[in-house]
Amino acid sequence: MNDPHTSSAPALRRLLDLLASGAATEDFADVLADARRQGAPAAVLNEIDGATWQALRVHRTLRQHRRREAELTALFDTAGDLAASRDLDTVLHAIVRRARMLLGTDTAYLTLPDEAAGDTYMRVTDGSVSVLFQTLRLSLGDGLGGLVAQTARPYATPDYRTDERFHHTGTIDAGVLDEGLVAIIGVPLLLGGRVIGVLFAADRSPRAFSPDEVALLCTLAAHAAIALDTAKSLADTRAALAELNGANELIRAHAAAVQRAEQGHDRLTDLVLRGAEVPDVAAAVAVLLGGEIAVLDTGGEPLAGRAAPAEGLAEAVAASRAEGRSVRHGDAWVCAVLAGQEPLGTLVLLGRPDLDDADRRLFERAGVVTALLLLLRRSVAETENRVRGELLADVLTAPERDPAGLTARGRRLGVDLGRPHLVLVAEPAGAALAPGAGGSTATPATAAAATDRGRLAGAAGRYLFGSRGISAEHGEAVVLLVPDDGSAGAPQEAAERAAERLARLAGFPVTVGAGRPAAGPVALAASYAEGLRCVRALRVLGRAGDGSSARALGFLGVLLGDGHDVDGFVGATLGPLLDYDARRGTELVRTLRAYFDCGGSLTRAKDELHVHVNTVVQRLDRVEVLLGRDWNHPERSLELQLALRLQLLSGA
């Protein structure tokens, strides 16, 4: 057996045990020290010393291999993260965390440039405790990171605060001091030779970083660059896919709009070819656009659909006419229906506040089709009106010649002269009706009058468009024949409405007189004569531009009217007093008659009535309440006195 004092074998076995157990470096030196204490010979000590140095070399190699193995494992794990994860934040956090772990530093972090702000910012940190440091922003070229980014080379410093190679700034130094960092290493993230970021590892105590540690951090930085590039590629791919999806949706929408436009065009064309009317077109367009369509004439009256909101409609129509396109009007759309520059009406779309370009064009095409139908209808109506106008002229000129023949002729033209009609006589407000021609010499005044009468005749045709009425120029006026609705105030209402609408259509004031309702050629001719006298009376009374019937003219109506409706005049004039006396047993009518008979003297009137003067005053106050404050004005009092006389004459 070997003597431990003269043999190196025990020491060598101990060195092998230390290598196998992975002991610390200091433990190897204890083997040689123990042999010296035991008094081993010099030769044995030399052999143990050489073996110790060999064991330390093996120990260092094994430690490097273990570190390399750990580094390779970390790199493989990082590569796996890159392959498996699509979350950039997760990958970057894993890289920074592994950099800190492999280098054994207190903290690690990664900065990226902000192109919009023109500086760099902290993207990821691991091991940091300072909020100031975590939110630090660095100007380009400042600090260790700025030098790395400028040179695209790694840099390390054992003590950042005293290293003069870097451009120190108060902001960066404050952040580093707040975090307590001393030793820092930074390596660039390179992509195609371009620096896209910097990866750092740092300790809170002085430290020199080895070349292996620099190389390891550079490898991790390369992985981080790949992760950033992959994330950018994925973002670009997603953006491209989103653009493709958007373009695809746009193409689909455009295709659907084109198909809908083709269907709308075919539908509208079919309607026109089949001779459809304006309401048919409105109904078809309402279905195609998924809303409600209202068709209005130039006066705003509905030709089809329900009435549209009137507020601001005129301005919207004017805007549509000026732009030549449909325009938005609140929650509705408005399209002027034009023939060239001549307005024929208006289309209003309700229920579709958001209208895309395709549907808007379809709506505007419906306006063109509506204009075509209105022109066709107007052309037909003008032709029919000329023929019917000749009938009307014959009725007014010679009704007694062949009443039955005129009635039969009217029936063939779609006009039943046997039914009650209203005869409206219209003239330009500045004209003066003459009983006959005053010569053949044309003057500027007569030429202007003829022009105005022609415009009025055209306005009358448009006014009656779509109704069962007819019109014709007769003498110096334009005569309109419209069916009577049977209401008590029909003549007056028809005259007022016609005066207002004709003035708007013709562009100048129009005076309209209405005769009483009549049926049959002879009665219609008499009604025309009454309407003519009513027009002259309006002009004499200074009411040119108004519309009225003979009955509404008071006592003048009694004088002008063929029927001399005395009872109607008395009822209209004294009605409130007669009703009051009948209900309460008073004598307001008798008191008023006595007042007028006594020349307006209260004293003589009270003697005539055998009552106190205060009673007369009270009764006349009641008359004022019932008849109005103007009852004693000259014109009104004349009507009242005439009505009182006619009442006596009638025996009422």
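Q: Which residue in β10 does Arg 328 stand opposite?
A: Let's start with a strand pairing in this predicted model. Strand β9, residues 327–329, is joined to β10 by three bridges, and the two run antiparallel. Across from Arg 328, the residue in β10 is Trp 333.

Q: Which residue in the turn between β9 and β10 has a positive phi?
A: These two strands form a hairpin, with two residues between them. The phi in question is about 65°, and the turn residue that has it is Gly 330.

Q: What is the bridge partner of Leu 338 in β11?
A: On to the next pairing: β10 and β11 run antiparallel, joined by seven bridges. Their hairpin also has two residues between the strands, and Gly 340 takes a positive phi near 70° there. Within β11, Leu 338 is partnered by Pro 343.

Q: How many of the eight residues of β10 are buried?
A: Strand β10 covers residues 332–339 and is mostly covered. Counting residues under 20% relative accessible area as buried, the number for β10 is six.

Q: Why are the buried residues of α20 on the same side of the helix?
A: The buried residues here are Val 616, Arg 619, Leu 620, Val 623 and Leu 627. They sit on the same side of α20 because they cover an arc around the axis of only 100°.

Q: Which exposed residues does the face of α20 turned away from its buried side carry?
A: Helix α20 spans residues 613–627 and reaches 21 Å from its first C-alpha to its last. Exposed means over 50% relative accessible area. On the face turned away from the buried side, the exposed residues are Gln 618 and Val 625.

Methods: Residues numbered from 1 in each chain as written. Predicted model: local features only at pLDDT ≥ 70, side-chain atom pairs only at ≥ 80, totals over all residues. Heavy atoms only, no water. Buried < 20%, exposed > 50% of the residue type's maximum accessible area, 1.4 Å probe, protein only. Helix = DSSP H or I, 4+ residues; strand = E, 2+ residues; numbered from the N terminus. Pairing = 2+ DSSP bridges. Expected span 1.5 Å × (residues − 1). Arc of directions from axis to C-beta.
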